[in-house]
Amino acid sequence: KIWRGFETTGLSRSWKRAARTDAGLIIYTDASRHAGAIVIERWKLSEKFAWEGKLAASHIGIKEAAAIRIALEWYGEKLRNKKVTFFCDNDSVVQGAIHGSKDPRMNEELIRSWSIAQNKNIDMKVEWVSTKLQKADAPSRIIDSREQKLTRAGFEYLQSFLNKQLEIDVAATVN
């Protein structure tokens with residue numbers, strides 16, 4: 001309700017600025033079941049990341065919206081005062097970004113994205129792109145064994161199987 005009546009609050013939606021033919025900086029974001037990706041060709045950047053926490057179990061629409069938010073969190077300072085177009089191949093996310101979503105979690109992700117854009121004065125648009133033209137699609141699907149995590153249950157099974165008490169390397173990073 002607040003999302004749909006946003007203009008009545010006196011604030012403005014950064015993507016509803018005057019129509020523009022210049023897409024500005026184009027950022028491709030995509031999500032797969034296990035990872036997300038950000039591609040910014042102009043910067044020769046292709047970044048992949050694994051889903052963590054509650055995002056790992058979320059449906060693909062939430063992950064697609066989260067990929068946009070993560071791009072803004074990671075690169076927001078470099079995007080400050082710029083025109084940016086995010087290309088997303090999930091139409092429910094694109095429509096949710098424009099009209100709001102019936103899914104409260106998707107709205108939460110989108111509102112966080114718009115809040116970052118507004119705070120950094122980013123003239124942001126979210127547009128649909130065909131999966132065939134989605135440049136972040138392939139990177140989001142690459143499975144990288146370096147991103148694997150050993151669960152507590154897996155660790156306990158390993159100790160039981162080996163019949164040995166193991167120690168964890170506390171200097172190891174999450175990666």
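Predicted model: local features only at pLDDT ≥ 70, side-chain atom pairs only at ≥ 80, totals over all residues.

Trainee: OK, in what order do the strands of the open sheet come?
Mentor: The order across the open sheet is S3-S2-S1-S4-S5, five strands in total, and their pairing is mixed.

Trainee: And which are the edge strands?
Mentor: Those are strand S3, covering 45-50, and strand S5, covering 123-128, each of which pairs on one side only. From one strand to the next, the twist averages 20 degrees.

Trainee: In which sense do S4 and S5 pair?
Mentor: Strand S4, residues 83-88, pairs with S5 in the parallel sense, and six bridges join the two; within that pairing, Phe86 has Val126 in S5 as its bridge partner.

Trainee: Switching to helices, which strands does H1 lie across?
Mentor: Helix H1, residues 60-79, lies across S1 (25-31), S2 (35-40), S3, S4 and S5, and it runs at about 145 degrees to S1.

Trainee: Then what does H2 touch?
Mentor: Helix H2, residues 91-99, packs on the sheet and touches S4 and S5, with its direction at about 145 degrees to that of S5.

Trainee: Last one: is Met124 buried or exposed?
Mentor: Met124, which lies in strand S5, counts as buried because its relative accessibility is 1%, and buried means under 20%.

Trainee: How far apart are the C-alpha atoms of Met124 and Asn81?
Mentor: They are separated by 10.0 Å, although Met124 and Asn81 are 43 residues apart along the chain.

Technical notes: Residues numbered from 1 in each chain as written. Heavy atoms only, no water. Pairing = 2+ DSSP bridges. Helix = DSSP H or I, 4+ residues; strand = E, 2+ residues; numbered from the N terminus. Axes fitted to C-alpha atoms, helices over the stretch in contact; angles between N-to-C directions. Contact = heavy atoms within 4.5 Å. Buried < 20%, exposed > 50% of the residue type's maximum accessible area, 1.4 Å probe, protein only.
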